[in-house]
2 protein chains.
Amino acid sequence: MYLEELGEHGLIRRIQKRFKSKDRSIVVGIGDDAAIINPSPDKSLIISTDTLREDIHFKKNFFSPSDIGWKAVAVSVSDIAAMGGIPRFLLLSIAVPDKTIVKDIDGLLNGVKDISTLYDIALIGGNISRSKKGITLDTTVMGELPKGKGRLRSGASVGDLIYVTGIVGSSAIGLSLLKSSFVYSTPSLSTSQLISTHLRPLPKVNEGIILSKNKLATAMIDISDGLLADLSHICDQSKVGANIYRDLIPLPDIHLKLKKRLAKEPLFYALYGGEDYELLFTIKKRDREKLEAIFKKKSFDITFIGEITSKDNGIRMVGIDGNKRIIRPGGFDHFISKSGGKIC
Amino acid sequence: MYLEELGEHGLIRRIQKRFKSKDRSIVVGIGDDAAIINPSPDKSLIISTDTLREDIHFKKNFFSPSDIGWKAVAVSVSDIAAMGGIPRFLLLSIAVPDKTIVKDIDGLLNGVKDISTLYDIALIGGNISRSKKGITLDTTVMGELPKGKGRLRSGASVGDLIYVTGIVGSSAIGLSLLKSSFVYSTPSLSTSQLISTHLRPLPKVNEGIILSKNKLATAMIDISDGLLADLSHICDQSKVGANIYRDLIPLPDIHLKLKKRLAKEPLFYALYGGEDYELLFTIKKRDREKLEAIFKKKSFDITFIGEITSKDNGIRMVGIDGNKRIIRPGGFDHFISKSGGKIC
C-alpha cells in the first residue's frame, strides 16, 4: 500500500497508536494544533533540532528505513547529551513522496520507536508533508537540565585537559566499509559494529549527565563534524588553542586491522571522520583523578588526548618525538566542504 | 555572493548577529550544541512545528524570500494561537542549495526577523543544511500558557455556538489572483490585502489568548486546511456534528466584487480555501454576550456561523430557506488531496 492510499490522517492515527506515552508531564501530545507539556519547575529546558536529508546526509542503499528513523533522532539526542541534558520529548517532521510504501514508513517509525524507547523519550508531535523527491526527517528534541549545569563549548581555559569518550573514527570507517563491497562478502562482529556506529549511533547521554552533574566538564561538544573540527569549535568559542598527543588518540585493533582495506590511515578517520557522536570535553587538571575514578566505576570509556593552550598556539599535533605541528582542523561545512550544521 | 562562499559558519555568525535577544529566560541561544531556556515555572509549555517546502507549499514566482521567511514562522505561530498560547521562542531549520545567493538568504532572514519582532519571539537555534533542489524551512515555535488553559479541538458539546475570527477565503482568493495576470495589471489596496493574507498571514495570537484566558472557547483550531475541513477536525475530536448557516459566513465586498475574475463562487473559497490562519472556535451558549462584548471592546472581528449538534447529524449547511444539506468537509490531506499536515 502506498502512503497516498493511507492518507495523512491515516498516518497520524498510525503514529498516535504506536507512540502512546504515560509521561504525566505531557498535557497534550499528538493530534491537536500544538503539544503542551509541564516541564519540571526547577529545571532548565534544553532544545536541539537537526535534519536528515536523503542524498545529503544518507543514502537509501546503505540505510534501512529503520536506520534512518533511528539516526534522525540520535543526532538531536546527541546535542542534548553534549550539554549534559536528559532528553525527554521529541517532535518529528516527516517529508516523503506520496509514492512511498507504507511498509517503509512503518520501518522508519520502528527506528524512531526503538531509540525513543532506549532513551525514554516521548514523541509529542511533529508534522507530515509531501516531498517531490527523497525522504527528509527533521527532529527537535527537548530535554531537562538542572539550572546552571549546562556545559557549553566556551568554558575551556589554558591548562585544562582534553578527553574524548569511546572510540573516534568508527562511523567514518563504517561508512567506508559500506561503500566497499568488502563488508558484504565478509561480515564479522567487529565490522558490523563499525557499520552500526554509522547507521545507529548511540549518543552518550549518561556520560554527558555525569560530566554536567559534577560540573566536571569545563567545555563539551559532541563529535559530529570530526574530532579536530569539533575541538576547533571549542577552541574558537573558548578563545584558546590546544595540543593533541598523536599517540594518545585511541585507535582500536579493529581499525588497525582494516588498514589495508581503507583509503586512508586509521588516524585520519579518528581525526577527521565525523558522526561518531562521542563527547569531546575539557576538565580542570585538578579533577583528573576524580573524573577517571567516576568513569572507571561506571565502566564508561574515556581517553586523555591533550591539553588546552593559549589561543596563539593554534591547534597542534604533538608527535611521539615531541615535535609540535600546527594542524588544520578540517571538518564539515555544509556549503564549503559540501555538507550543513547547527545554529544551536 | 553565493552561499558556498559565505559558508555554513559564516551564515551562522550572520544569523547570530541579526537575532540578538535580550530575553532573560534564554540561558544559551544560537551557537552551541543546543539552546537552553528557563521557562516560567507556573506556566505550561506549548510547542508546534511546521514545514514550508518549495513547490509543495509555495512557489518562488509568487513568494519573495522575505515572504517565505515570514510565512514559515506564521504557520507555527498560528498553531500556538489556536490553543491560546503566547509564542516566545523559535527554532529555524533552513535547507537550501549551495548555489543560493546570499542576498536571498538575507531576504529570508528579514522575513523571519519581521514576524519575530511583531510577535516578540526570540530565535534561539536551528539548523542549516544543503538541499539538492529548492528551499525548505522547518520552524518550531515554543510558547507559554497558564496551566490548564490550553484550548483543544476536543472540547465542543452539543448546543455550543460556532464562531470564526476575521474573514475566511482571502488567502485562497489571494493565491488565485497571484495565479492570474490580473493582479499585476491592476493592483489595488484591497487585492493587495488578499494577496498579503496568502503571503504574509497574521496569526490571531491576541484573539487566542482572550479565548483561552477566560476559558471562553470550549474547542479551538486555526484555519489552515479550510473552514469546513478544520470544523470537521473539531467535530471528529469532540465526537459531535455541526450546522453551519450559509448566509452567516462572512463574505466581504471585495470577495463579491472579484466574483467574475474567480474560477469559483466566493462562498467556495470561504468554505474550502485554507491558509487563512483565522481561528475557528466554539463557546457555551450562555457566554455569547460576554464573548461579543469582549471582542467588541477590543475591536476584534468575530462572526457567529453555526451550532454544534449531535454526531449523527454530521456537518450540514443550513440554507436561507432553512433546508439542511449534508456537506463534504473537503480540505487538505497531504497525500490524498496532494498536499501534508500536523502531528501536533
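A crossing is left-handed if the near helix is turned anticlockwise from the far one by less than a right angle, and right-handed if clockwise. The model is predicted, with pLDDT of at least 70 needed for local features and 80 or more for side-chain atom pairs, while totals for chains, interfaces and linings use all residues. Residues are numbered from 1 along each chain as its sequence is written, chains are lettered from A in the order in which they are written, and side-chain values use heavy atoms, without hydrogens and water.

**View 1. Helices α7 and α11 of chain A.** The crossing of α7(A) and α11(A) is right-handed. The axes (lines fitted to C-alpha atoms, for helices over the stretch in contact, with angles from 0 to 180 degrees between N-to-C directions) of α7 (residues 205–213) and α11 (residues 288–298) come within 12 Å and cross at roughly 150°. Helices (H or I, at least four residues) and strands (E, at least two) are DSSP runs, numbered from the N terminus. Glu207(A), Ile210(A) and Leu211(A) meet Leu291(A), Ile294(A), Phe295(A) and Lys298(A), where contact means heavy atoms within 4.5 Å.

**View 2. Helices α2 and α3 of chain B.** The axes of α2 (residues 65–81) and α3 (residues 102–119) of chain B come within 6 Å and cross at roughly 40°. The crossing of α2(B) and α3(B) is right-handed. Residues of α2(B) in the contact include Gly69(B), Trp70(B) and Val73(B).

**View 3. The open sheet of chain A.** Seven strands follow the order β8-β10-β7-β11-β9-β12-β13, with mixed pairing; two strands pair if DSSP finds at least two bridges between them. Strands β8 (217–222) and β13 (324–326) of chain A are the edges. Strands β9 (residues 241–245) and β12 (residues 315–318) of chain A run parallel, joined by four bridges, and Asn243(A) stands opposite Arg316(A).
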